[in-house]
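Hi everyone, thanks for coming. Please have a look at the picture on the screen, and then we'll walk through a few side chains together.

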Amino acid sequence: MNITNMGQVQASVQELLSLRLKHLHSAVDPEPGNTPPHQRCGTTTTLSGYTEWVGDTHLPISLGWDWCIQAHAHRAQWQRDELPRTNIQLVNEQGHPLHWEDNLRVLATWVDAQNWQHAVANAVSAAEH
(Lines give C-alpha, C1' and ligand atoms only; values in the text may rest on other atoms or scores of the structure.)
Protein backbone atom coordinates (compact mmCIF):
# COMPACT_ATOMS: atom_id res chain seq x y z
CA MET A 1 0.00 0.00 0.00
CA ASN A 2 1.07 3.54 -0.64
CA ILE A 3 -0.46 6.99 -0.33
CA THR A 4 -0.88 9.42 -3.21
CA ASN A 5 -0.33 13.17 -3.03
CA MET A 6 -4.16 13.49 -3.02
CA GLY A 7 -4.45 11.43 0.18
CA GLN A 8 -5.77 8.26 -1.42
CA VAL A 9 -4.35 5.01 -0.11
CA GLN A 10 -3.74 2.72 -3.06
CA ALA A 11 -4.13 -0.98 -2.35
CA SER A 12 -4.38 -4.20 -4.30
CA VAL A 13 -7.31 -6.54 -3.73
CA GLN A 14 -4.92 -8.86 -1.85
CA GLU A 15 -3.96 -6.00 0.47
CA LEU A 16 -7.64 -5.17 0.95
CA LEU A 17 -8.37 -8.76 1.95
CA SER A 18 -5.72 -8.59 4.68
CA LEU A 19 -6.83 -5.14 5.91
CA ARG A 20 -8.23 -4.93 9.42
CA LEU A 21 -10.49 -2.03 10.31
CA LYS A 22 -11.25 -0.55 13.74
CA HIS A 23 -14.60 1.00 14.55
CA LEU A 24 -14.30 4.76 15.00
CA HIS A 25 -17.84 6.13 15.26
CA SER A 26 -21.47 5.27 14.51
CA ALA A 27 -24.71 7.18 14.96
CA VAL A 28 -28.41 6.99 14.18
CA ASP A 29 -29.93 9.43 11.70
CA PRO A 30 -32.56 11.79 13.11
CA GLU A 31 -36.14 10.63 12.59
CA PRO A 32 -37.75 12.36 9.61
CA GLY A 33 -41.12 14.05 9.70
CA ASN A 34 -43.14 16.00 12.19
CA THR A 35 -45.64 13.28 13.10
CA PRO A 36 -46.21 13.24 16.86
CA PRO A 37 -44.99 10.03 18.58
CA HIS A 38 -48.51 8.94 19.57
CA GLN A 39 -49.52 8.95 15.87
CA ARG A 40 -46.46 6.88 14.84
CA CYS A 41 -47.25 4.04 17.22
CA GLY A 42 -47.84 0.83 15.28
CA THR A 43 -46.63 2.22 11.97
CA THR A 44 -43.67 1.00 9.94
CA THR A 45 -40.48 2.86 10.67
CA THR A 46 -36.97 2.76 9.33
CA LEU A 47 -33.92 3.04 11.53
CA SER A 48 -30.84 4.24 9.70
CA GLY A 49 -27.49 5.80 10.41
CA TYR A 50 -23.84 5.90 9.46
CA THR A 51 -20.59 4.36 10.59
CA GLU A 52 -16.91 5.24 10.17
CA TRP A 53 -13.97 2.88 10.42
CA VAL A 54 -10.21 3.39 10.24
CA GLY A 55 -7.45 1.08 9.11
CA ASP A 56 -5.29 -0.70 11.63
CA THR A 57 -2.15 0.31 9.68
CA HIS A 58 0.43 3.06 9.57
CA LEU A 59 -1.48 4.66 6.66
CA PRO A 60 -4.51 6.95 7.22
CA ILE A 61 -7.24 4.65 5.91
CA SER A 62 -10.86 5.70 6.34
CA LEU A 63 -13.99 3.83 5.27
CA GLY A 64 -17.56 4.79 6.07
CA TRP A 65 -21.02 3.82 4.94
CA ASP A 66 -24.67 4.41 5.66
CA TRP A 67 -26.66 1.56 7.17
CA CYS A 68 -30.29 0.72 7.81
CA ILE A 69 -32.23 -1.95 9.61
CA GLN A 70 -34.64 -3.86 7.38
CA ALA A 71 -37.53 -5.82 8.85
CA HIS A 72 -37.88 -9.36 7.56
CA ALA A 73 -40.18 -12.16 8.64
CA HIS A 74 -39.74 -12.35 12.44
CA ARG A 75 -36.33 -10.63 12.49
CA ALA A 76 -34.49 -7.44 11.72
CA GLN A 77 -31.36 -7.29 9.57
CA TRP A 78 -28.67 -4.60 9.60
CA GLN A 79 -27.34 -3.85 6.13
CA ARG A 80 -25.19 -1.36 4.28
CA ASP A 81 -27.15 1.29 2.41
CA GLU A 82 -25.60 2.92 -0.70
CA LEU A 83 -21.93 2.83 -1.68
CA PRO A 84 -19.23 3.49 0.93
CA ARG A 85 -17.16 6.67 1.35
CA THR A 86 -13.43 6.19 1.52
CA ASN A 87 -9.92 7.24 0.68
CA ILE A 88 -9.03 3.69 -0.44
CA GLN A 89 -8.22 3.46 -4.15
CA LEU A 90 -7.92 -0.12 -5.37
CA VAL A 91 -5.43 -0.92 -8.10
CA ASN A 92 -5.47 -3.83 -10.55
CA GLU A 93 -2.67 -6.37 -11.04
CA GLN A 94 -0.85 -3.93 -13.34
CA GLY A 95 -0.96 -1.22 -10.65
CA HIS A 96 -3.56 0.92 -12.45
CA PRO A 97 -6.36 2.43 -10.33
CA LEU A 98 -9.87 1.06 -10.83
CA HIS A 99 -12.50 3.49 -12.07
CA TRP A 100 -13.96 5.14 -8.98
CA GLU A 101 -17.45 3.61 -9.35
CA ASP A 102 -15.93 0.12 -9.79
CA ASN A 103 -13.67 0.81 -6.81
CA LEU A 104 -16.65 1.66 -4.60
CA ARG A 105 -18.60 -1.41 -5.77
CA VAL A 106 -15.72 -3.73 -4.87
CA LEU A 107 -15.37 -2.03 -1.48
CA ALA A 108 -19.15 -2.34 -0.93
CA THR A 109 -18.95 -6.09 -1.58
CA TRP A 110 -16.02 -6.31 0.85
CA VAL A 111 -17.95 -4.35 3.52
CA ASP A 112 -20.94 -6.66 3.09
CA ALA A 113 -18.68 -9.64 3.83
CA GLN A 114 -17.39 -8.10 7.08
CA ASN A 115 -18.94 -8.60 10.51
CA TRP A 116 -19.59 -4.92 11.33
CA GLN A 117 -23.18 -5.05 12.57
CA HIS A 118 -22.41 -5.98 16.19
CA ALA A 119 -19.90 -3.12 16.64
CA VAL A 120 -22.34 -0.60 15.17
CA ALA A 121 -25.24 -1.89 17.29
CA ASN A 122 -23.12 -1.62 20.44
CA ALA A 123 -21.96 1.90 19.57
CA VAL A 124 -25.49 3.11 18.80
CA SER A 125 -26.87 1.49 21.95
CA ALA A 126 -24.14 3.05 24.12
CA ALA A 127 -24.82 6.48 22.63
CA GLU A 128 -28.51 6.22 23.58
CA HIS A 129 -27.76 5.70 27.29
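Which residues does Trp-110 touch, not counting residues up to four places away in sequence? Keep in mind that this is a predicted model. The answer is Leu-16, Leu-17, Leu-19, Leu-21 and Leu-63. Trp-110 itself sits in helix α3, which covers residues 100–113. Is Trp-110 buried or exposed? Its relative accessible area is 8%, and because buried means under 20%, Trp-110 counts as buried.

Now for the charged side chains. How many salt bridges does the structure hold? There are four. Let's start with Arg-85, which pairs with Glu-52 at 3.4 Å between the closest N and O atoms. Arg-85 belongs to strand β6 and Glu-52 to strand β4, so this pair ties together parts that are 33 residues apart in sequence. Arg-85 also meets Asp-66 in a salt bridge, at 3.3 Å from N to O. Put together, Glu-52, Asp-66 and Arg-85 form a network of salt bridges.

Finally, back to helix α3. Asp-112 forms a salt bridge with Arg-80, with the closest N and O atoms 2.8 Å apart. Asp-112 is in helix α3 and Arg-80 in strand β6, so parts 32 residues apart in sequence are tied together. Asp-112 is partly exposed at 42%, whereas Arg-80, at 19% relative accessibility, counts as buried.

Definitions and conventions:
Residues are numbered from 1 along each chain as its sequence is written. This is a predicted model: local features need pLDDT of at least 70, side-chain atom pairs count only at pLDDT 80 or more; totals for chains, interfaces and linings use all residues. Side-chain values use heavy atoms; hydrogens and water are left out. Helices (H or I, at least four residues) and strands (E, at least two) are DSSP runs, numbered from the N terminus. Buried means under 20% relative accessible area, exposed over 50%, partly exposed in between (1.4 Å probe, protein chains only). Contact means heavy atoms within 4.5 Å.
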